[in-house]
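Student: I'd like to learn how to read a sheet and the helix packed on it. Could you walk me through one?

Tutor: Gladly; let's look together.

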Amino acid sequence: MKAVCFSGLRDISVETVPDPQIILPTDAIVRVSSTAICGSDLHLYNGYNPAMKKGDILGHEFMGEVVDIGSAVKKLKVGDRVVVPFNIACGVCYFCEREEYSACELSNPNAMDAAALIGYPAAGLFGYSHMFGGYAGGQAEYVRVPFADVGPLVVPDGVPDDQLLFLSDILPTGYMAAENCDLRPGATVAVWGAGPVGLMAALSAQLLGADRVICIDEVPERLELASTRCAAETINFAECDDVVERIKELTGGRGPDSVIDAVGLEAHGTGLMELYDRTKQALRLQTDRPNALREAIQACRPGGTVSIPGVYAGIIDKMPMGSAFGKGLTFKMGQTHTHKYMPLLLDHVLAGEIDPTFIISHRLQLDEAPDAYRAFNDKDDCCTKVVLKPVPA
Amino acid sequence: MAQDIQDSRGVRVVSTAITVRRPQQDVYEAWRKLSELPRFMQHVESVTEDGEQSHWVVNAPGGSVEWDAEITADIPGSVIRWQSVGDADVPHRGEIRFEPSRQGSGTEIFVTVGYRPPGGRLGIGIAKLMGQGPGRQMDIDLHRFKQLMEFGSIATTHGQPRGAAQHEDWKDEQQESEREISNPHVEGVPA
């Protein structure tokens, strides 16, 4: 089969590799009908994950048809149309039972490598390096799905892939970010990053009762989507002297009730802090650039909530902890408990309450992955989200 | 994660803990069947029980390491202590203790091993075998034990496709030969 492989720093290749097989009796094999490139794939592309190996198959947003199941798979059937969550969960451990699937204790065979590298035994992820299990990803024609009775969500025929694909990651991620805001009716939420996750968070916040959503970004077409498709007010930080002050102006001087950092460790910014972060990151003195998070903390109203779906990987610097403490902020963050949110969000999609297809800017063949990664990374050609279609066999 | 300290007499003491969601007695019994330990201990080739004693064969770079051990205390459901006997390559003693979990159901397992680090070629071989230290290997093996007890099999990617450029710079041996490992005693998950 064809698969998108990591070949080194900003180097992606499409290779012919053996088809995946059932390895454990709880596995299934899915023939991929659609797969997307996630913003977090760009962290791998840009070399921020030391546990990537050349030849690793990428991709954690995918859906398709079940073509084979192991002898112990009970719920899933061959022929089922499924969306597969990006994180891998066993369904039986302490955390899975609490629906905290992203903390699954059993799905990562290399959990102790994760513990050594990042300080905790993280759960397995598709296509996201050996510290997260080394599982081959879904940017391929076929993918092996472990714990097949736990993750894949069976979806009905007759609804296009484009409406369902994002149940695998960014829609639940945006939704959990909004839920983490503890929104009350009439609340105002500011969202840093109008990329796919930020836009999903903006939509979800309104679904959960927010009255006003303010999106902050510098990419005009993303701000346009926030404005036209998510009914958000927008701030272009590149055209703004002081983002924090601008947000306070928009909120009567007090600040939003909740703030969402949908940017994470590769934030772009302006000014001295941006230069400081880039320098420290280049010198490996800090692993992450927390520009967006700093602004979010400074902008949030006293007693408000800071929700962080943006990915952080390691150590950050110059956190305005005094401001967070003084204002009594609540922080909620973390990898999405995708499995928990998928059925609910499928209902919203089927009811026509959420249609995430507007974020797709590019529909390409799997073969075109190297160009797609480059365009998405450089935000060329108004690239907000790429969906790849494996070439039919 | 494991702690690794050296005491004033040159004995290294490694300790760690893990919680397994199975009753104390089940967890104890799984450990007490010494011949079954290689199912989750990555580098242990075999353990042969002979009365009070057991014979251990461990794969190490450049050959295998062997020793005899005896159980010095055995309180069903709560503790097993052992020590190496005779002319062991790595003289050591250890304890594994089982207590009810204080976070819901299950068993907290505490392992402590004291050993004298060997020198020479053997020492180098064992050091390589243990990667970044015996504590880390202990954590890996306990995590594998936990998977076997809670789910019935050990998660693996061994045998999955990968691109041609795959370098062997990551420890692939970690996942070798474990695709058949499963626990027939866990309900609902056939071997």
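Student: How many bridges join strand 11 to strand 12 of chain A?

Tutor: Strands of a sheet pair through backbone hydrogen bonds, either parallel or antiparallel. Here 4 bridges join strand 11 (residues 212-217) to strand 12 of chain A, and the two run parallel. Two strands pair if DSSP finds at least two bridges between them. Strands (E, at least two residues) and helices (H or I, at least four) are DSSP runs, numbered from the N terminus.

This is a predicted model: local features need pLDDT of at least 70, side-chain atom pairs count only at pLDDT 80 or more, and totals for chains, interfaces and linings use all residues. Residues are numbered from 1 along each chain as its sequence is written, while chains are lettered from A and ligands numbered from 1 in the order in which they are written.

Student: What is the order of the strands in the open sheet?

Tutor: Its 6 strands follow the order 12-11-10-13-14-15 (chain A), with parallel pairing. Strand 12 (233-236) and strand 15 (330-333) of chain A each have a single partner strand, so one side of each lacks a neighbour in the sheet.

Student: Which strands does helix 8 of chain A lie across?

Tutor: Helix 8 of chain A lies across strand 10 (188-192), strand 11 and strand 12 of chain A, at about 155° to strand 12. Angles run from 0 to 180 degrees between N-to-C directions, with axes fitted to C-alpha atoms, for helices over the stretch in contact. Contact puts C-beta atoms, placed from the backbone, within 7 Å.

Technical notes:
Contact = placed C-beta atoms within 7 Å.
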